[in-house]
Amino acid sequence: MWLYMVALLGLWMLLRFFRERQVVDHLQDKYVFITGCGSGFGNLLARQLDRRGMRVLAACRKEEGAEELRRKTSERLETVILDVTKTENIVAATQWVKERVGNRGLWGLVNNAGISVPSGPNEWMKKQDFASVLDVNLLGLIEVTLSMLPLVRKARGRVVNVSSILGRVSLGGSGGYCISKYGIEAFSDSLRRELRYFGVKVAIIEPGFFLTGMASSARLCSNIQMLWDQTSSEIREIYGEKYLASYLKNLNELDQRCNKDLSVVTDCMEHALTACHPRTRYSAGWDAKLFFTPLSYLPTFLVDALLYWTSPKPDKAL
């Protein structure tokens, strides 16, 4: 009995291996629009797809990032300045893309742009702190997708949304970041189910902790110190200086814990864009595969207990 089960499992894995390695035809004729290409995952993906011969349309928030990207890539790659929080920018970028793809449509839309700060304990933050993160990570992603969707549908292409493993497991002190990533998961699921009728595929990338500008210890520590300084004296008394010191110590160690190989994530993005049979979700990084994803399936009380015992404690905790 066990032998049959092992044989069936082995056959399934072998079929999956070959199925996932089938690549779509004529990649050199396909256009891909990527947001957040000034640095990090978006920048590396743009260069990676350019080397593969695809026609990359890279959106950067600043001209300096766009210029640097053009210097490192072929003449095929084109750039546009885009702030995903501004509707007029998105409308202009969509028209710019439409002029380039013509009747072929847009094969790939990669929603990669995002920010991680301000973030911190909920009590330390104001509504605007949450709104500023949601505006980029979630609402900006939604508006870009809705604007580009007719072009993607025309090509029967792909939408690739960059979420996070923190879209599965919400950690304390994440502010609007986890909220935005949970929102991306929900939006992507509904979008995938709606667009299946039109031959459009939607994939979600769920990276673990990688060393990008968003995960920079210096940036995160500066953000926490700013929130601490701005919060009320009552909150500072409840949490205490020891809590702040412990919090900052953990953030300062983040650079050492983060994976420096960003290609682990961009390889998942590339597969989602070029494979005949892309996955629905990609867990990128061993921390995502072996810790956070299994953690997301555990009973809530166990997850709560684990995070309670491993997190810094406020001075006035019970």
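Asn161 is buried, with a relative accessible area of 0%, where buried means under 20% relative accessible area with a 1.4 Å probe, protein chains only. This is a predicted model, in which local features need pLDDT of at least 70 and side-chain atom pairs count only at pLDDT 80 or more, while totals for chains, interfaces and linings use all residues. Residues are numbered from 1 along each chain as its sequence is written, and side-chain values use heavy atoms, with hydrogens and water left out.

Asn161 lies in strand E5, residues 158–162 (strands are DSSP runs of E, at least two residues, numbered from the N terminus). Beyond its neighbours within four places in sequence, the contacts of Asn161 (heavy atoms within 4.5 Å) include Asn111, Thr145, Phe187 and Ile204.

An automatic or database domain assignment divides the chain into domain 1 (24–210 + 259–287) and domain 2 (216–257).

| Domain 1 and domain 2 | Value |
|---|---|
| Separation of centres, over C-alpha atoms | 30 Å |
| Area buried between them | about 1200 Å² |

Buried area is the accessible area (1.4 Å probe) that two parts lose on being put together, summed over both; here carbon and sulfur atoms give 61% of that area. Val117, Glu123 and Trp124 supply 52% of what domain 1 buries against domain 2, more than any other three residues. In terms of contacts, 15 residues of domain 1 meet 16 residues of domain 2. Across this interface the rule finds zero salt bridges, each defined as a side-chain nitrogen of Lys or Arg within 4 Å of a carboxyl oxygen of Asp or Glu.

Key. Helices (H or I, at least four residues) and strands (E, at least two) are DSSP runs, numbered from the N terminus. Buried means under 20% relative accessible area, exposed over 50%, partly exposed in between (1.4 Å probe, protein chains only).
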